[in-house]
Amino acid sequence: MTRLPHGRPSDGAPADAAGELCGRGEETALLDELLAQARDGTGGALVLWGEPGVGKSALLRYVHDRAADFVRLSHSATRPEADLAHAGLHGLLRPVTDRIESPTTARAAALRAALGEGGGPVDRLAVGAAVLSLLCELAERQPVLVVVDDGQWLDEATGLCLGIVARRARAHPVVVVLATTAIRRPGRGRVWPPYGSTPSPTRAPGGCWRPRPRSPTRRRCAR
């Protein structure tokens, strides 16, 4: 996770002649590294955490533009849909719903039920496994980038689903990048990161960093 401090470019951050975001060299290097690893077959995830206006959306646009050779799935969460289960998943997967298998398979049935296209109860673990399987299938042809903005408003079911994907992404060329203004949402407890990683003083096999005063706090997830 990377915490973006105050006093840095806003979401309309200018770019230099080479298309780089001014003052965001460290953060863009992390994003470029994620993409490079995915092109080599290794996935990963990153949470960008900071107050409104510090440049999170600009970084999401940066990584989206740099991933022209990826399957790109993106979604901006909204407050009105924060309590609608799998609303975020519906927004993310809308471009690839035609790739969902026949509803006769258990995986497809779970996914279609989550997307409101089928009946029956929704098993969140089954949905997470189904989404992971779909993304890995897409990644067999080209890497996959999943980008989510305003993660503080992402519905809980989609958040749990992306957590399942992120924890298992390393074995596949799948990258998840999420931007959020809060780790907790009022009345909901911990929202991000849902990946189960913790800070450490130095870069560890899990890709974690300890926060530094007035400097980005980086926690690489699902490495």
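Tutor: Buried means a relative accessible area under 20%, exposed means over 50%, and partly exposed lies in between, computed with a 1.4 Å probe on protein chains only. This is a predicted model, in which local features need pLDDT of at least 70 and side-chain atom pairs count only at pLDDT 80 or more, whereas totals for chains, interfaces and linings use all residues. Residues are numbered from 1 along each chain as its sequence is written, and side-chain values use heavy atoms, with hydrogens and water left out.

With a disulfide defined as a pair of cysteine sulfur atoms within 2.5 Å, the count is zero.

Val165 belongs to helix α6, residues 156-167; helices are DSSP runs of H or I with at least four residues, strands are runs of E with at least two, and both are numbered from the N terminus. The relative accessible area of Val165 is 1%, so this residue is buried. Contact means heavy atoms within 4.5 Å. Apart from neighbours within four places in sequence, Val165 is in contact with Gly128, Val131, Leu132, Leu135, Val174 and Val176. Between Val165 and Val131, which are 34 residues apart along the chain, the C-alpha separation is 7.5 Å.

The ionic pairs follow. A salt bridge requires a side-chain nitrogen of Lys or Arg within 4 Å of a carboxyl oxygen of Asp or Glu, and three are counted.

One of them joins the side chains of Asp32 and Arg66, at 3.8 Å from N to O. Because Asp32 lies in helix α1 (residues 25-39) and Arg66 in helix α2 (residues 56-66), this pair ties together parts 34 residues apart in sequence. Asp32 is partly exposed at 25%, and Arg66 is partly exposed at 31%.

Another salt bridge is formed by Asp69 and Arg39, whose closest N and O atoms are 2.9 Å apart. It links distant parts of the chain, with Asp69 in the loop between α2 and β3 (71-76) and Arg39 in helix α1, 30 residues apart. Asp69 is partly exposed at 35%, as is Arg39 at 39%.

Arg99 and Glu137 also meet in a salt bridge, at 3.6 Å from N to O. Arg99 lies in the loop between α3 (87-93) and α4 (106-114) and Glu137 in helix α5 (residues 124-139), so the pair ties together parts 38 residues apart in sequence. Arg99 is partly exposed at 26%, and Glu137 is partly exposed at 24%.
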